[in-house]
Amino acid sequence: VKLPKAITYLKVRGSFASVGAPIPKNLSSNKTYEWDPATSQWKLQTYRPLPKLYPERTNSWEAGLNAKFFNNSLSLEVTWYKANTRKQTFQVPLSGTAVYATMYAQSGNIENKGVEVAFNATPYISESGFQWDTQLNWSKNINKVISLTDDTKEQILSDASVSFLKIVAHEGGAYGDIYGYAYQRDDNGNIIIGADGVPLRTDDMVLLGNNQPKWMMGWSNTLSYKNFVLNFMFDMRYGGDVYMGSIRAGASSGNLEMTLDGRDGMVVPGVLADGTPNTKSITAQAYWNGLSSNNVTEAYMYDATNIRLRELSLGYNFPRTMLAKTPFTSARLSFVARNLFMIYSKTKGFDPEAAYTSGNAQGIEYGSMPTMRSLGFNINLAF
């Protein structure tokens with residue numbers, strides 16, 4: 001097939017793979033007990049062994065397009081993927097009256113699908129040697145819980161050691177769903193206020209959001225002139241929800257700017273239980289302390305959208321004439337700065353990507369240290 005002159009290269013690809021993973025060791029072993037010399041008793045087995053285990057299996061599909069245009073000055077890569085993982089092994093907590101603390105179960109079907117787009121271009125090249133290269137990467141991923149087990153329809157991935165928030169894998173839901181207590185509302189959506197003037201919460205936990213972003217994007221630019229190279233990269237995360245425990249702590253102690261309004265008295269918008277408008281005046285201190293003591297999770301749920309300058313570097317490539325009497329074929333000295341500053345965020349000075357732990361508790365922030373900015377020098381030598 002003869003391609004138009006503008007298209008230098010074109011490739012359509014597709015693939016299917018089925019990959020297995022080994023069964024975790026010792027999960028199907030017979031009961032074993034450990035002697036506790038402190039209590040002079042045998043310890044209970046921490047988990048109930050599974051009599052029958054299956055190896056994990058992932059079936060994945062991928063399709064894509066690679067294209068280059070205008071004599072390779074512009075390229076585009078698009079990838080669609082879909083993967084279904086079955087028989088993942090995870091722990092399920094058991095009640096306090098059980099012989100075992102936990103049991104192992106194997107999930108039914110976790111689906112992961114999405115689209116990735118990579119765009120590369122060289123918009124400008126001058127006769128003097130100046131060149132501008134740009135790269136744009138965009139991705140969207142959807143993670144869905146198709147099924148768990150025959151006996152399990154919901155699995156708590158992480159409760160972050162608190163009673164008012166949990167990350168749940170719910171059959172039919174999305175991986176990373178966040179459950180907590182919402183504001184009580186009437187049929188018209190008005191927040192119901194208690195007799196003390198503080199909003200009430202729901203009796204049961206409800207779905208408040210999901211910790212996965214709707215899409216992510218990175219934009220990198222490289223400006224080069226003779227032996228100097230300047231590179232800077234922006235990151236954007238759009239969507240996803242995060243519980244900001246640091247904002248809750250700061251608000252309840254009155255240390256945040258958001259608590260300044262109403263310190264001499266205010267009326268919280270909403271209605272009383274009988275449907276009449278709320279008219280009770282309370283101080284900001286009573287309001288923020290009340291939200292915290294009532295454990296209104298929804299009050300501290302934030303949109304995790306943010307844009308930041310992720311990295312900036314300025315490098316100098318030493319001329320070959322300077323390396324003629326050395327064993328090096330090339331050498332570059334660079335100043336590198338990472339995580340320079342947050343351009344946009346809805347979390348009022350806190351980093352929404354500062355995770356509570358490195359495990360499944362993504363979408364939970366609490367007491368995190370400020371995100372560090374790093375400055376340094378790199379030297380790259382090639383022989």
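Is Asp303 buried or exposed, or does this residue count as partly exposed? At 25% relative accessibility, Asp303 counts as partly exposed, a class that lies between buried (under 20% relative accessible area) and exposed (over 50%), as computed with a 1.4 Å probe on protein chains only.

The model described here is predicted, and local features are therefore reported only at a pLDDT of at least 70 and side-chain atom pairs only at pLDDT 80 or more, whereas totals for chains, interfaces and linings use all residues. Residues are numbered from 1 along each chain as its sequence is written, and side-chain values rest on heavy atoms, with hydrogens and water left out. The pLDDT, which is the predictor's confidence in each residue on a scale from 0 to 100, averages 87 over the protein chain, and 87% of the residues score at least 70. Confidence is lowest in strand β7 (residues 89-93), with a mean of 68, and highest in β15, at 97.

Strands are taken as DSSP runs of E with at least two residues, numbered from the N terminus, and two strands are said to pair if DSSP finds at least two bridges between them. On this basis, 10 strands form an open sheet in the order β1-β5-β6-β9-β10-β15-β16-β21-β22-β24, with antiparallel pairing. Strands β1 and β24 (374-382) stand at the edges with a single partner strand each, so that one side of each is left without a neighbour in the sheet. From one strand to the next, the twist averages 15 degrees, where axes are lines fitted to C-alpha atoms and angles run from 0 to 180 degrees between N-to-C directions.

Within this sheet, strand β15 (residues 215-225) runs antiparallel to strand β16 (residues 228-238), to which it is joined by 11 bridges. The two strands form a hairpin with two residues between them, and Lys226 in the turn has a positive phi of about 55 degrees.

Salt bridges, defined by a side-chain nitrogen of Lys or Arg within 4 Å of a carboxyl oxygen of Asp or Glu, number 11 in the whole structure. In one of them, Arg13 meets Glu62, with the closest N and O atoms 3.1 Å apart; because Arg13 lies in strand β1 (residues 7-21) and Glu62 in strand β5 (residues 56-69), the pair ties together parts that are 49 residues apart in sequence. Arg13 is partly exposed at a relative accessible area of 21%, and Glu62 is partly exposed at 35%. The side chain of Asp303 forms a salt bridge with that of Lys346 at 3.4 Å, N to O. Since Lys346 belongs to the loop between β22 (330-345) and β23 (364-365) and Asp303 to strand β20 (residues 301-303), this pair ties together parts that are 43 residues apart in sequence; Lys346 counts as partly exposed, at 39% relative accessibility. A further salt bridge, between Arg338 and Glu311, has an N to O distance of 3.4 Å and ties strand β22 to strand β21 across 27 residues of sequence.

Aromatic pairs were assigned to rings of Phe, Tyr and Trp (its six-membered ring) with centres within 6.5 Å, the planes counting as stacked under 30 degrees, edge-to-face over 60 and tilted for the rest. The structure holds 13 such pairs. One of these, formed by Tyr124 and Phe130, is tilted, at 6.0 Å centre to centre and 50 degrees between the planes. The rings of Trp138 and Trp215 also form a tilted pair, their centres being 6.3 Å apart and their planes at 40 degrees. This pair links distant parts of the chain, with Trp138 in strand β10 (residues 130-147) and Trp215 in strand β15, 77 residues apart. Trp138, Trp215 and Tyr238 form one aromatic cluster.

Conventions. Helix = DSSP H or I, 4+ residues; strand = E, 2+ residues; numbered from the N terminus.
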